[in-house]
Amino acid sequence: MAAVILTYPLDMVRVRLMFQVKGEHLYEGIWHTFRTIWAREGGILAFYRGFVPTLIGMVPYSGLSFFTFDTLKQLLLESGPRILLQHGRHDDDRALRAPVNLVLGGVAGAIAQTVSYPLDVTRRRMQLAVLTSNAEKFSGCVRTLLTVYRTDGVKHGLYRGISVNYLRVIPQVAMSFCVYEMCKQLLGMDHPASQNSQKPTQNSQQNMQTSNSQNPAQSSKLS
């Protein structure tokens with residue numbers, strides 16, 4: 001969250017420069033955009049337009065992406081075909097191959113992006129509200145979301161441009177999860193839970209055996 005707070009003004013400047021209409025030189029560069037937004041739109045708060053939907057969208061996006069990836073990963077590890085698996089340093093270590101992690105990461109990114117995309121549209125509309133003639137309609141998160149829905153609907157409003165966004169998000173999330181899993185395997189952090197779960201049972205069995213062996217000795221002393 002701290003990284004989002006610190007870098008959000010840069011995203012605001014990027015959006016203003018990217019959506020600037022050709023021929024209208026309202027912003028002439030990065031520093032000029034910073035100075036213009038600061039002077040004309042109310043100081044530091046102007047750089048955080050659309051920050052609320054950004055924070056709200058981080059929860060379903062991150063949560064769904066990790067939940068989907070981990071669920072599909074465990075499903076394939078437990079009941080998937082052997083061709084998708086590879087063995088690690090130990091005999092019981094099993095992990096998914098890199099292409100499989102890429103596919104699962106892409107699926108997780110697509111699902112998470114589909115759920116959180118309306119909030120991304122809301123953020124863009126709030127960031128660009130000053131450049132429109134009806135900026136008062138995009139003054140809040142809920143109000144902006146309802147305005148987009150009532151004006152353009154779901155397909156052409158809340159999910160406009162999602163197909164192009166898939167081309168960016170799916171390979172990005174796929175590579176992130178793949179590299180993450182590879183680093184876990186190289187560092188030896190991806191051991192199966194079965195090894196850890198067997199240790200308490202083995203210790204409990206040893207304790208039971210020692211206690212049973214001590215009982216006859218204690219009973220003989222009492223007798």
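Predicted model: local features only at pLDDT ≥ 70, side-chain atom pairs only at ≥ 80, totals over all residues.
Colleague: Why is α1 called oblique to α3?

Modeller: The axes of helix α1 (residues 2-18) and helix α3 (residues 51-79) cross at roughly 140°. Angles over 145 count as roughly antiparallel and 65 to 115 as roughly perpendicular, so α1 is oblique to α3. The axes come within 12 Å, and the crossing is right-handed.

Colleague: Which residues make that contact?

Modeller: Val4, Ile5 and Tyr8 come from α1, and Phe51, Thr54 and Met58 from α3. By class, five of the contact residues are nonpolar, one is polar and none is charged.

Colleague: Which residues of α1 and α2 meet?

Modeller: On the α1 side they are Pro9, Leu10, Met12, Val13, Arg16 and Leu17; on the α2 side, Ile30, Thr33, Phe34 and Ile37. The contact of α1 with α2 has eight nonpolar residues, one polar and one charged.

Colleague: Which residues of α2 are buried, and what covers them?

Modeller: Thr33, Phe34, Thr36 and Ile37 are the buried residues of α2. What covers them includes α1. After α2 comes Gly42, with a positive phi near 105°.

Colleague: How do you know that Arg16 and Glu41 form a salt bridge?

Modeller: A side-chain nitrogen of Lys or Arg has to be within 4 Å of a carboxyl oxygen of Asp or Glu. For Arg16 and Glu41 the N to O distance is 2.8 Å, so the pair qualifies. Arg16 lies in helix α1 and Glu41 in the loop between α2 (30-40) and α3, so the bridge ties together parts that are 25 residues apart in sequence.

Colleague: Are Arg16 and Glu41 buried or exposed?

Modeller: Buried means under 20% relative accessible area. Arg16 has a value of 0%, so Arg16 is buried. Glu41 has 14% and is therefore buried too.

Colleague: What does Glu181 pair with, and at what distances?

Modeller: Glu181 forms a salt bridge with Lys73, with the closest N and O atoms 2.9 Å apart. Glu181 lies in helix α7 (residues 162-186) and Lys73 in helix α3, so this pair ties together parts that are 108 residues apart in sequence. Glu181 also meets Lys184 in a salt bridge, at 3.9 Å from N to O. Glu181 and Lys184 both belong to helix α7, where they are three residues apart, about one turn of the helix.

Colleague: Why is the pair at 3.9 Å still called a salt bridge?

Modeller: The cut-off is within 4 Å, so the distance of 3.9 Å for Glu181 and Lys184 meets it.

Colleague: How do you know that Glu181 and Lys184 are buried?

Modeller: The relative accessibility of Glu181 is 2%, and that of Lys184 is 16%. Because buried means under 20%, Glu181 counts as buried, and so does Lys184. Lys73 is buried as well.

Colleague: How many salt bridges does the structure hold, and which residues are linked in a network?

Modeller: The structure holds nine salt bridges. The network links Asp11, Arg14, Asp120, Arg123 and Arg124.

How values were computed: Residues numbered from 1 in each chain as written. Heavy atoms only, no water. Axes fitted to C-alpha atoms, helices over the stretch in contact; angles between N-to-C directions. Helix = DSSP H or I, 4+ residues; strand = E, 2+ residues; numbered from the N terminus. Parallel < 35°, antiparallel > 145°, perpendicular 65-115°, else oblique. Left-handed = near helix turned anticlockwise from the far one by under 90°. Contact = heavy atoms within 4.5 Å. Nonpolar A, V, L, I, M, F, W, Y, C, P; charged D, E, K, R; others polar. Buried < 20%, exposed > 50% of the residue type's maximum accessible area, 1.4 Å probe, protein only.
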